[in-house]
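I opened the model and kept short notes on what I looked up. The entries follow in the order I made them.

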Amino acid sequence: MSYSVGEVSRFAGVTVRTLHHYDKAGLLSPGGRSRGGYRLYDDADLARLQQILFYRELGFTLDEIAGILKDPQANVVEQLRGRQRQLSEEIARLQRLAEVAERAIEVQQTGVSLTPEERFEVFGEITFDLSYATQAELKWAHSEGQREAMARAAAHTKDDWRQLMGEAAAWRAELLAAFDEREPSDGERAMDLAEEHRLHISRWFTSCPPDMHRRIADDFAADPRAFALVVPPSQQRPGLAAYTCKAVQANAARHAGGRTGSEEER
């Protein structure tokens with residue numbers, strides 16, 4: 001039997017333009033023509049079209065498909081295995097993106113309940129990078145501390161945020177002064193500033209033992225987005241993130257040497 005281009009388009013679920021394109025590309029040329037010069041496809045053409053659509057669905061390019069159909073026995077299995085690996089990787093990537101999107105929704109829903117104008121008024125240059133916040137959610141997903149911090153952040157009033165951001169600004173000024181005055185990162189002044197930051201976290205978000213504080217500070221040195229939550233880019237200096245991280249590590253070591261228990265959350 002012979003079928004017109006319109007008929008093939010309807011039952012194959014492709015456009016007439018696509019069929020014309022396959023013909024011009026030499027991928028699928030109809031086996032015959034009507035008296036009026038119209039394309040006519042036979043059963044062999046339809047079988048070839050089915051193969052083309054199968055490989056297209058798997059993501060092969062038209063050139064790759066042409067090569068496969070030209071010599072079906074030439075490494076077809078290897079090409080299919082390669083495509084299977086690519087599809088598996090893409091599925092895994094999309095699953096990760098779906099999880100990130102879910103976490104992003106949670107972050108938005110449990111985030112700071114302020115209008116954009118209030119956010120600017122309270123936070124100034126300190127901005128919350130959604131991609132970082134989402135990654136942090138994924139990283140600490142099973143942490144009770146993370147859940148507590150998000151819940152407490154969501155419960156803070158505008159006045160709470162004003163107060164804690166005021167404390168953070170005063171602490172930041174002291175940190176910058178210590179750094180600019182070349183105070184050693186493991187000196188008393190820098191360690192005291194690290195301790196003040198640790199207690200600030202405990203006071204406003206979640207209990208922050210020295211080991212947890214050390215992990216938080218590791219992010220300061222490794223990820224600029226994390227440190228930007230502490231010191232906005234306009235106030236940063238080269239080496240300041242590493243300096244802060246080292247001060248936190250030194251303070252944690254100081255605690256390990258004797259200061260524990262009730263002093264931690266004074």
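Entry 1, a helix pair. I looked up H10 and H11, which pack at an angle of about 105° with their axes 11 Å apart. Axes here are lines fitted to C-alpha atoms, for helices over the stretch in contact, and angles run from 0 to 180 degrees between N-to-C directions. H10 and H11 are therefore roughly perpendicular to each other; that label takes 65 to 115 degrees, against under 35 for roughly parallel, over 145 for roughly antiparallel and oblique for the rest. From H10, Ala194, His197, Arg198 and Ile201 meet Pro210, His213, Ile216 and Phe220 of H11. Contact means heavy atoms within 4.5 Å.

I am reading a predicted model, where local features need pLDDT of at least 70, side-chain atom pairs count only at pLDDT 80 or more, and totals for chains, interfaces and linings use all residues. Residues are numbered from 1 along each chain as its sequence is written, and side-chain values use heavy atoms, with hydrogens and water left out.

Entry 3, the whole chain. I find 13 helices and 3 strands in the protein chain. Helices (H or I, at least four residues) and strands (E, at least two) are DSSP runs, numbered from the N terminus. Of its 266 residues, 37% count as buried. Buried is under 20% relative accessible area, exposed over 50%, partly exposed in between (1.4 Å probe, protein chains only). Among contacts between residues at least 6 apart in sequence, 65% join residues at least 24 apart.

How does the span of H13 compare with 1.5 Å a residue? The 17 residues of H13 (240-256) should span 24 Å, and the end C-alpha atoms are 24 Å apart, which agrees. The expected span is 1.5 Å times one less than the number of residues. I count H13 as largely enclosed by the rest of the structure, because 12 of its 17 residues are buried. Among them are Leu240, Tyr243, Val248, Asn251, Arg254 and His255. The cover over these buried residues includes H9 (158-180), H10 (188-204), H11 (210-222) and H12 (224-227).

I looked for disulfides, meaning pairs of cysteine sulfur atoms within 2.5 Å, and the structure holds 0. Cys208 is buried, at 0% relative accessible area. Cys245 also counts as buried, at 5%.

Ile65, Ile68 and Leu69 are the buried residues of H4 (62-70). They cover an arc of only 95° around the axis, which puts them on the same side of H4. The arc is taken from the directions from the helix axis to the C-beta atoms. Exposed Asp63 and Lys70 sit on the face turned away from that buried side.
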